[in-house]
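Here are a few notes to read alongside the structure. Keep the 3D view open as you go through the points.

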Amino acid sequence: MVRGLYTAYTGMAEEQRRLDVLANDLANSDTTGFKKEGTVNRSFKNRLALRIKDSGTMYYPSAIGNVRLGDKIGETYTDWSQGSLKVTDVKSDLALTGKGFFAVSFRDKNGNQSIKYTRDGSFTVDKNGYLRTNDGDYVLNQYGAINSANNPGNYVRIDPLSDYQINQQGQIYQDNQLVGQIGIVDINNYNYLSKYGDNYYDLVNGGNVTASDSGIEQGALEMSNVNVVDEMVEMITIQRSYEAGQKMIQTEDSTLDHAVNQVGKV
């Protein structure tokens with residue numbers, strides 16, 4: 001009976017975690033370049049339960065059957081599928097079509113610099129001609145991105161007073177002259193990417209930057225790959241599973257109450 005309480009509890013804990021992840025996905029359904037997360041879970045392995053101190057078989061505990069200990073909380077994974085493109089007709093808005101990331105020179109509150117990676121291409125050109133994110137971080141050019149060279153000489157910079165065009169390879173042209181190239185890179189193994197915040201990803205030890213064959217669409221943004229309808233349906237499923245766990249606990253509690261307060265009096 002107590003085993004049933006444990007099984008119900010682990011199932012409810014997993015549903016709560018699934019709901020937390022789903023709620024975060026829904027909150028970012030309008031975030032540019034956001035990639036949804038999902039959860040995995042599995043049952044615990046069976047454990048052979050043995051009788052303890054069974055005087056009937058000295059030194060040889062007898063088996064009483066297999067025990068399933070409930071639900072095992074697994075990992076959270078990221079769905080890297082392509083999001084839909086939204087046309088904005090803003091020249092500094094860039095959307096990636098394929099696997100890859102923009103490389104950004106990031107400075108934290110303590111003044112420490114590092115390179116972050118993002119799919120969010122909602123950039124602006126400042127008065128000095130630097131291509132920057134909405135948070136003011138500088139976008140790296142191809143050399144800086146592929147070589148992880150984070151210095152001002154590798155920031156994307158153009159003439160702010162002149163018109164510009166960006167082709168699918170990320171090459172920037174002004175007055176029919178090549179003046180720079182947007183840095184686009186890929187990661188050899190996405191398991192080495194961790195979410196940092198502000199729609200950025202951090203490359204942890206073990207991951208390597210590689211060349212990307214992703215293209216760029218100027219005047220467009222990649223939207224979140226979260227499907228709101230699917231997420232709402234999944235939320236209903238989670239709610240029903242959680243309620244089933246509650247009913248199981250209520251049933252086990254009622255059974256224990258009868259065993260202790262009624263059968264125990266006999």
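1. A quick definition before we start: buried means under 20% relative accessible area. This is a predicted model, and in it both Phe101 and Tyr190 are buried.

2. Now for the aromatic rings, where the count comes to 11 pairs. Take Phe101 and Tyr190: their ring centres are 5.6 Å apart and the planes sit at 65°, so this pair is edge-to-face. Phe101 belongs to strand β7 and Tyr190 to the loop between β15 and β16, so the pair ties together parts 89 residues apart in sequence.

3. Have a look at Tyr138 and Tyr155 too: with centres 4.4 Å apart and planes at 5°, their rings are stacked. Tyr138 is in strand β11, while Tyr155 is in the loop between α2 and β12, so parts 17 residues apart in sequence are tied together. Tyr155 counts as buried at 10% relative accessibility, and Tyr138 as partly exposed at 23%.

4. Some of these rings have other partners. Ring pairs link Phe101 and Tyr190 with Trp80 and Tyr201 in a cluster. The charged end of Lys99 sits over the Tyr190 ring, 5.3 Å from its centre, and that of Arg132 sits over the Tyr138 ring, 4.2 Å from its centre.

5. Finally, find helix α3, residues 228-261. Its 34 residues reach 49 Å from first C-alpha to last, close to the 50 Å expected. What caps the N-terminal end of α3? That is Asn227, with a side-chain oxygen 3.1 Å from the backbone nitrogen of Val229. Within α3, Glu231, Ile238, Gly245 and Glu252 are buried.

Key: Residues numbered from 1 in each chain as written. Predicted model: local features only at pLDDT ≥ 70, side-chain atom pairs only at ≥ 80, totals over all residues. Heavy atoms only, no water. Helix = DSSP H or I, 4+ residues; strand = E, 2+ residues; numbered from the N terminus. Expected span 1.5 Å × (residues − 1). Buried < 20%, exposed > 50% of the residue type's maximum accessible area, 1.4 Å probe, protein only. Polar contact = N/O pair within 3.5 Å; in protein donor to acceptor, adjacent residues only side chain to side chain. Phe/Tyr/Trp six-rings, centres within 6.5 Å; stacked < 30°, edge-to-face > 60°. Lys NZ or Arg CZ within 6 Å of the ring centre and 35° of its normal.
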